[in-house]
Amino acid sequence: MDLGELSAVESQLWRSFARGGVVDVYDGLSAAERAVRAEVVAALLLGAGADPAPGDRPALRLTGACIAGKLDLRFAEIAVPIVLEECHFDEVPLLEGSKIRELALSGCTLPGLAADTAQIDGRLVLSRSHLTGPLVLTRAQIHSNLDLRDTVITVPGTEAISAVRLTVGGDVLCTNLAVQGTFRISGATISGEFDLESASLSNPGGNALDAYHVHVTEDFTFHPGFSAEGRIILSGATVAAAIGFCGARLNNASDIALEAVDVNVARNFDLGLGLSVNGGIKLDGSRVGTQLSFRNSTLTNPGGTALSLRLTQARETDLRTRQPIDGTVDASHAQLGTLYDAPATWPADLRLTGTTYEALASPLTATERLGWLRRSTNGYLPQPFEQLAADYRRLGHEDEARTVLLAKQRHRRSTLPLHLRVWGYLQDATVGYGYRPLRAGLWLMALLACGALFFGAHPPAPLEAAKAPPFSAVFYTLDLLIPITAFGQETSFAPRGSGQWLAYALTAAGWILATTAATGISRAISRQ
């Protein structure tokens, strides 16, 4: 390059490069005077400058310049750090396949940045910058932090950030990042934390964040102040610490706002403390090491599934939302560990098919808990009743467990044909399907008293007066009620008229009582 063709700013940059000095042309110069040709920058970075003296540390440090032309550093090896502040780029810098010591662009304006498959030994900083075109980091390797704090990237309707299979050796810092378009970082490996505190992602009707199958060694945080228009995808993610959405706002009305299927979280998955979601949350098959929490959150998806926890596993689950969830909550076949909930915020439509839990933290009676089970609109399902009864048994509350199992049989009865429903009513009235065995004794005592009073006042005539034992109204009535002859009274006396009809009724009642008692009690024993 002919050094005589360099402008004053370019000459100053050329001279300071070998020593790593800062060239600040921001104040006192016009835009034309602050222009630095991209080819001059590329020439310096590719070794065209003067050799450094012993002790010098070459670096490109430039503030306030206008980079004119296309900065093409594709597949180049750049051994010096690049630090540009408050610079403006006319065209998209091309860094594909390059190997760079460190790249820091702070407060810059760019029409985009192409750095796919690039290798950066230190940090990649794009803080406080404004990009009007895509940031491409596909398969790039960054050995330290990726810093996107306070940056605005505006590429609506397409991928604003494309970082598929990005590898970051430190943290991904996105505090106050504002993106219009899709932030795609699927398959990325992040050896630190992924921080989206107060970030704003907007892609209405599409994916605001696609973090499918990312691996994060530390926390994956969206709180506080995070907001998103469009779908957030975390499906297949593995997070070695915690995921937090406290205070975030997600909006993807009438669709899924948060898709986190088959996510593995070593610690907490916190979706509470002020989270507001307009749309569905889908956590099917996810595994949470400690607590899955929705405490004090607001979930709204009217007419659809607001929260899907199918096959989800957690050591603790907190469903104490700020208000009842507006939409269906489907926890089918989930393993919820210790479950925290509150009657005031139970959802109107709750699916508990195959759902299991180790304990219910809220001390409610069986009658109150049955109101919880009745929120299900899936028809008759025995397992939720069995699970609830097992929890009461574990606590030693056998009466509460029997109340739940009796309610299960009554619920089942409503689904049966008429003749079986009649038989069910008989079992319920006599022995409570075997869960109220004392009821059979009460029926027996009532019938015995009725028969004894009647036959005491109207004793039947003996069949053979010489052979008949002394008549006893009580034991005669017992012989009628008990299906087997026990006292010899029934075979020795023959009632007439109304007494005969009462005897028939007592005999029929005894058979019904014995049959229903045997059926109900055997069912109860087999279930327990």
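Aspartate 318 has a relative accessibility of 2% in this predicted model, so it counts as buried, the limit being under 20%. The side chain of aspartate 318 meets that of arginine 320 in a salt bridge, with 2.8 Å from N to O. Arginine 320, at 25% relative accessibility, counts as partly exposed.

Side chains of opposite charge can pair when their charged atoms come close. The count of salt bridges comes to 14. In one of them, arginine 37 pairs with glutamate 10, and the closest N and O atoms are 3.0 Å apart. Arginine 37 belongs to strand β2 and glutamate 10 to helix α1, so this pair ties together parts that are 27 residues apart in sequence. Glutamate 10 is buried at 3% relative accessibility, whereas arginine 37, at 26%, is partly exposed.

Another salt bridge joins aspartate 330 and arginine 310, with 3.4 Å between the closest N and O atoms. This pair links strand β35, which holds aspartate 330, to the loop between β33 and β34, which holds arginine 310. Aspartate 330 is buried, with a relative accessible area of 11%, and arginine 310 is partly exposed at 36%. Elsewhere, Glu159, Arg184 and Asp210 are linked in a network of salt bridges.

The structure also holds three cavities of 30 Å³ or more. The largest cavity contains about 130 Å³ of space and is lined by 14 residues. Its lining has twelve nonpolar residues, one polar and one charged. The second largest cavity contains about 70 Å³, and its lining has eleven nonpolar residues, with no polar and no charged ones. Among these lining residues are Leu45, Phe89 and Pro93.

How values were computed: Residues are numbered from 1 along each chain as its sequence is written. This is a predicted model: local features need pLDDT of at least 70, side-chain atom pairs count only at pLDDT 80 or more; totals for chains, interfaces and linings use all residues. Side-chain values use heavy atoms; hydrogens and water are left out. On a 1 Å grid over the protein atoms alone, a cavity is a set of points where a 1.4 Å probe fits but cannot get out, and a pocket is an open set with protein on both sides within 12 Å along at least five of seven lines; lining residues have an atom within 4 Å of a point. Grid points are joined across faces, edges and corners, and a volume is the space filled by probe spheres set on the points. Ala, Val, Leu, Ile, Met, Phe, Trp, Tyr, Cys and Pro count as nonpolar, Asp, Glu, Lys and Arg as charged, and the others, Gly among them, as polar. A salt bridge is a side-chain nitrogen of Lys or Arg within 4 Å of a carboxyl oxygen of Asp or Glu. Helices (H or I, at least four residues) and strands (E, at least two) are DSSP runs, numbered from the N terminus. Buried means under 20% relative accessible area, exposed over 50%, partly exposed in between (1.4 Å probe, protein chains only).
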